[in-house]
Amino acid sequence: MIDYSQIAKFFETEYPLNKEGLAALMSLFVNKDIAKGTSILQSDTEEKELRFLNSGVIREYYASESKETNINFYTKPQFITDLSSFTGDNKTKKNQEALTDVSLLAVQKSDFRALLEEYQCGKSFIEQSFQKLLKHKELTEYNRITKSPEDLYRELLIYKPHWLQNIPQYHIASYLNITPETLSRIRKRIS
């Protein structure tokens with residue numbers, strides 16, 4: 001049986017939709033259980049489904065031949081789709097990997113687009129999602145450019161302590177764009 005409780009709560013608080021549109025959207029989702037270490041999204045591919053994280057931890061990162069840099073971690077119920085690729089029909093630059101066993105709800109892009117044609121509320125969901133995404137991205141970029149790794153780590157302690165409890169330290173170091181050894185020194189200074 002598919003667990004819709006988290007996504008229903010998400011829509012009630014974040015994006016209130018009309019009841020018919022929400023019921024139609026819920027009927028499109030299928031449950032996906034993903035094993036730890038599994039790639040969920042790979043760069044240079046087009047995002048083909050709208051995914052909602054029910055439970056588990058996912059890391060999002062950019063990768064080059066020589067380096068992977070973490071850009072986000074998903075630890076609470078929320079949408080994890082690369083909306084730019086999903087709505088723009090272009091290839092993503094992002095990668096996503098399950099850091100734990102993960103439970104997702106997913107709907108295919110073609111099914112979601114058909115729903116958008118039928119229910120106007122779906123368009124506002126996409127617009128609001130983009131606005132939140134852009135606001136978050138701008139704040140993240142600003143912080144990474146203007147704050148030191150130690151300041152960023154202090155913010156994680158305040159605003160995202162669950163990251164520090166659930167995500168390996170070498171991934172946190174990558175997110176802060178420092179070595180694990182530097183992170184260790186920062187942690188010693190702060191404690």
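Student: Which residue of β7 stands opposite L41?

Tutor: Look at Q96 in β7, which stands opposite L41. This is a predicted model: local features need pLDDT of at least 70, side-chain atom pairs count only at pLDDT 80 or more, and totals for chains, interfaces and linings use all residues. Residues are numbered from 1 along each chain as its sequence is written, and side-chain values use heavy atoms, without hydrogens and water.

Student: How many bridges join β2 to β7?

Tutor: Two strands pair if DSSP finds at least two bridges between them. Strands (E, at least two residues) and helices (H or I, at least four) are DSSP runs, numbered from the N terminus. Here β2 and β7 (residues 95–98) are joined by 2 bridges, and the two strands run antiparallel.

Student: What is the order of the open sheet with β2 and β7?

Tutor: Read across the strands. The order is β2-β7-β4-β5, an open sheet of 4 strands with antiparallel pairing. At the edges are β2 (39–41) and β5 (68–74), and each pairs on one side only. On average, neighbouring strands of this sheet are turned by 30 degrees against each other, direction ignored. Angles lie between N-to-C directions, from 0 to 180 degrees, and axes are lines fitted to C-alpha atoms, for helices over the stretch in contact.

Student: Which helix packs on the sheet, touching β4 and β5?

Tutor: That is α8 (residues 169–176), which touches β4 (58–63) and β5. Contact means heavy atoms within 4.5 Å. The direction of α8 makes about 105 degrees with that of β5.

Student: What joins β4 to β5?

Tutor: A hairpin does, through 4 residues. The two strands run antiparallel, with 6 bridges between them. A63 stands opposite E68 in β5.

Student: Is β5 largely enclosed or open?

Tutor: Start with the cut-offs: buried means under 20% relative accessible area, exposed over 50%, partly exposed in between (1.4 Å probe, protein chains only). In β5, 6 of the 7 residues are buried, so this strand is largely enclosed by the rest of the structure.

Student: Now the other sheet. What is the order of the open sheet with β1 and β3?

Tutor: Again there are 4 strands with antiparallel pairing, in the order β1-β8-β3-β6. Inside the order, β3 and β8 (residues 102–108) run antiparallel and are joined by 6 bridges. R51 stands opposite A106 in β8.

Student: Which helix packs on the sheet, touching β3 and β8?

Tutor: Find α4 (residues 109–118), which touches both β3 and β8. Its direction makes about 60 degrees with that of β8.

Student: Is D44 buried or exposed?

Tutor: D44 counts as exposed because its relative accessibility is 57%.

Student: Where does D89 lie?

Tutor: Look in the loop between α3 (83–88) and β7. D89 is another residue other than glycine with a positive phi, near 55 degrees. With a relative accessible area of 39%, D89 is partly exposed.
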